[in-house]
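Please have the sequence and the structure open while I talk.

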Amino acid sequence: MADDQEEPPLAIRIDQTGEEPSQSDPEQPQNENFSVGVTVITGYLGAGKSTLVNYILNAQHGKRIAVILNEFGEEIGVERAMINEGESGALVEEWVELANGCVCCTVKHSLVQALEQLVQMKKKLDHILLETTGLANPAPLASVLWLDDQLESSVKLDSIVTVVDAKNLRFQLSKHRDSSSFPEAFLQIAYADVVILNKVDLVSREGSESAIGELENEIRSINSLANIVRSVRCEIDLSQILNRQAYDATHASHLEALLEESKSISSRDLHDSGVRTLCIRQAEGVDLQKVRLWIEEILWDKKYDMDVYRCKGVLSIQNSDHLHTLQAVREIYEIVPARQWRNEEKKINQIVFIGHNLDENTLIDSFRGCI
């Protein structure tokens with residue numbers, strides 16, 4: 001647990017007066033609609049979240065990255081924490097600037113206010129990292145960042161990164177595999193776009209390369225869409241976690257590649273009702289309105305008693321020459337046209353579900369009703 005209790009690097013206060021930048025400053029974005037990507041960093045206690053954050057804050061990566069340390073108390077609750085009440089004193093702690101160009105602060109109440117204050121700074125940012133200290137489930141944060149109307153012109157949700165402890169992950173998962181309730185370890189992997197498999201050196205000392213491979217297979221059985229990155233003390237290439245565009249509907253090529261890798265999911269011999277991934281496919285074009293009603297019955301009405309955490313897919317819509325993308329986080333979803341189908345492409349519907357109590361036959365049969 002020492003990994004998550006490391007002290008932040010030494011820093012100096014930012015000049016609160018905020019000097020106006022020079023008109024010729026190349027670092028200043030000229031586009032008023034410029035938006036900064038936000039990466040949510042989550043992970044089980046002791047996995048190495050703070051190690052990752054400190055690595056980024058100390059590394060000479062040449063990027064100007066803002067790090068928000070989220071210290072919401074359990075008694076506050078996510079929903080209340082997202083509301084800027086404006087009457088609870090200093091909601092945002094002072095920002096500090098680090099020697100490598102990063103900036104950092106601690107947020108105790110209002111995440112929204114912290115982000116708004118951050119993007120109003122006169123200096124250009126390349127990216128924002130949000131460490132979710134004390135918040136087990138990243139879904140509410142993802143929902144707020146993905147769809148918040150006040151923030152969408154300034155910041156955008158880029159991805160969710162989950163740090164897991166390679167040495168203790170199997171114990172954390174197997175302890176609750178047969179339970180009706182699932183701990184943070186399952187949920188954080190289920191919602192992840194990138195999983196950092198940290199402390200692989202500790203596993204290698206005690207076993208073989210196959211032990212790490214088995215851990216990766218276990219992660220993929222929960223979430224096949226996540227990219228897995230091995231690390232020692234979270235020292236990774238930042239390009240593996242920044243600018244993933246996981247929630248960008250127009251970034252269809254990345255989604256299609258992930259779906260291609262998931263082709264064998266549904267044929268796996270998975271009989272448990274735990275947290276898992278499955279993929280359904282259908283060649284016939286579907287009616288867009290019927291698909292909306294279908295996904296709303298699953299996500300909103302829980303018609304089939306399935307608990308869907310994440311959903312990603314590409315759709316072939318009737319009377320449309322555009323490939324459509326489907327994304328969902330819990331009850332929130334969107335279906336948007338991404339690009340035109342290419343002449344050589346086979347139009348097909350492919351949808352990946354990540355959740356609990358997923359029933360493949362029910363999903364396939366009910367989706368056929370959208371034709």
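When I say that two residues touch, or are in contact, I mean that they have heavy atoms within 4.5 Å. Please also keep in mind that this is a predicted model.

Let me begin with Asp158, which is found in strand E7, the strand that covers residues 155-165. What does Asp158 touch, if we set aside residues up to four places away in sequence? The contacts are Gly37, Val38 and Thr39, then His127, and then a run consisting of Ile241, Leu242, Asn243, Arg244, Gln245, Ala246 and Tyr247. Is Asp158 itself buried or exposed? Asp158 is buried and yet has no salt bridge, the nearest side chain of opposite charge being that of Lys156, 6.1 Å away. A salt bridge here needs the charged atoms to be within 4 Å.

Now to the interior, where, as a general matter, nonpolar side chains in soluble globular proteins tend to be buried together. The largest nonpolar core in this model has 53 residues, and the members that touch the most others are Ile68, Leu118, Ile128, Leu130, Leu197, Ile219 and Tyr247. There is also a second, separate core of 24 residues, which includes Leu52, Leu69, Leu238 and Leu242.

Finally, the aromatic rings: a search of the whole structure finds four aromatic pairs, and I will describe two of them. Tyr191 and Tyr309 form a tilted pair, 5.6 Å centre to centre and with 35 degrees between the planes. Tyr191 lies in the loop between helix H6 and strand E8, while Tyr309 lies in strand E11, so this pair ties together parts that are 118 residues apart in sequence. Tyr191 is buried, with a relative accessible area of 0%, and Tyr309 is buried as well, at 4%.

In the other pair, the ring centres of Trp294 and Phe367 are 4.7 Å apart with their planes at 55 degrees, so this pair is tilted too. Because Trp294 lies in helix H10 and Phe367 in helix H11, the pair ties together parts 73 residues apart in sequence. Trp294 is buried, at 3% relative accessible area, and Phe367 counts as buried at 2%. Together with Phe353, Trp294 and Phe367 form one aromatic cluster.

Methods: Residues are numbered from 1 along each chain as its sequence is written. This is a predicted model: local features need pLDDT of at least 70, side-chain atom pairs count only at pLDDT 80 or more; totals for chains, interfaces and linings use all residues. Side-chain values use heavy atoms; hydrogens and water are left out. Helices (H or I, at least four residues) and strands (E, at least two) are DSSP runs, numbered from the N terminus. Buried means under 20% relative accessible area, exposed over 50%, partly exposed in between (1.4 Å probe, protein chains only). Lys and Arg count as positive and Asp and Glu as negative; His and the chain ends are not counted. A nonpolar core is a set of buried Ala, Val, Leu, Ile, Met, Phe, Trp, Tyr and Cys residues joined through side-chain atoms within 4.5 Å. Rings of Phe, Tyr and Trp (its six-membered ring) pair if their centres lie within 6.5 Å; planes under 30 degrees apart count as stacked, over 60 as edge-to-face and the rest as tilted.
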